[in-house]
Amino acid sequence: MGIISASNYDEMSDAMKVMKVKNYEELSKTAAEIMINKINLSSSLTLGLATGSTPEGLYRYLVQDHKSRHTSYEHVTTFNLDEYAGLNRDNENSYYYYMNHHLFNHINISPENVHLPNGNTVNLEEECSRYESFIEQNGGIDLQVLGIGSNGHIGFNEPGTPFQAKTHIVELDDTTRKANSRFFHTINEVPTHAVTMGIATIMKSREILLLISGKSKAEAFKRLIEGGISEQFPASILKQHPQVTIIVDRDAYDC
Ligand code: F6R
């Protein structure tokens, strides 16, 4: 994997760095390299992880690196951002299934160090507070990986979500259900609700890595860079986080 040269950085503010890369492969490799370097520096890192199409390449590189260079996840802990409500963990559309399939089954992480909200429980409210406190008791998240929705959502925090929200239940936006229906047989199968870390939970992470790829995210990237901070565009709050790196590919920044 190549070394990231400083000239690839655009400083947006003291805190927010934008790394422009050629394409999705480079985005994935660069993100993997950042994560692997951190794991090598601190073996007991706590990672916040995302699902969706964007981090698939990153996870592929992490698996490849684990196999070839033996980076160890023995002491790494993970917390996922979100999970659908009402899906069994072995349903192949659950995020639990996704994480096992793309990452956990292929690295030496201990199952007891892997955490996702349980979306398939009768008391979702209780699950939200349990998850929120559990992250805190664990000492918080060192590095949170994020994707972004075309409407600016992060996690499942849709436009209009209060910035002070902690882990909570959400009703999914139609645009989000439509976007995610590509993984299901029909749109009716896409759950209507999910459990997600809130914006406040995400903002407590010590560092954030936001991945933005493809033409369908170009508008969101532009709005993030050029727009103001508003609950109508949830990702805009990241401008107030002290340590954010955005990795964006040409399709998303050059439209
Ligand atoms: C997934 C998540 C979502 C996705 C976003 C982008 O855990 O929290 O916010 O990051 O919907 O999804 P993709 O990468 O599929 O475009």
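Below is a short chat about this predicted model.

Residues are numbered from 1 along each chain as its sequence is written. Local features need pLDDT of at least 70 and side-chain atom pairs count only at pLDDT 80 or more, while totals for chains, interfaces and linings use all residues, and side-chain values use heavy atoms, with hydrogens and water left out.

User: What radius of gyration does the protein have?

Analyst: The radius is taken over C-alpha atoms, and the globule rule is 2.2 Å times the number of residues to the power 0.38. With 255 residues, a compact globule would come out near 18 Å, which agrees with the protein's 17 Å.

User: How much of the protein is buried?

Analyst: Buried means under 20% relative accessible area, exposed over 50%, and partly exposed in between (1.4 Å probe, protein chains only). Of the 255 residues, the buried share is 53%.

User: Which residues of helix α7 are buried, and why do they line one face?

Analyst: Helices (H or I, at least four residues) and strands (E, at least two) are DSSP runs, numbered from the N terminus. Helix α7 covers residues 218-226, and its buried residues are A218, A220, F221 and L224. Seen down the axis, they fall within an arc of 165°, so they line one face of the helix; the arc is that of the directions from the helix axis to the C-beta atoms. On the face turned away from that buried side sit the exposed residues E219 and E226.

User: What do the buried residues of α7 pack against?

Analyst: Contact here means heavy atoms within 4.5 Å. The packing partners are β2 (16-21), β10 (207-212), β11 (244-249) and α8 (250-253).

User: How much of the ligand's accessible area does the protein cover?

Analyst: For polar contacts (pairs of N or O atoms within 3.5 Å), a ligand oxygen is 2.5 Å from an N or O atom in the side chain of T54, and one is 2.7 Å from a polar backbone atom of G155. Areas come from the Shrake-Rupley method with a 1.4 Å probe. Of the 410 Å² that the ligand has on its own, the protein covers 93%.

User: Is H70 buried or exposed?

Analyst: H70 is found in the loop between α2 (56-69) and β4 (77-80). Its phi is near 60°, a positive value in a residue other than glycine. At 59% relative accessibility, H70 counts as exposed.

Technical notes:
A polar contact is a pair of N or O atoms within 3.5 Å; within protein, one must be able to donate a hydrogen and the other to accept it, and residues adjacent in sequence count only if both atoms are side-chain atoms.
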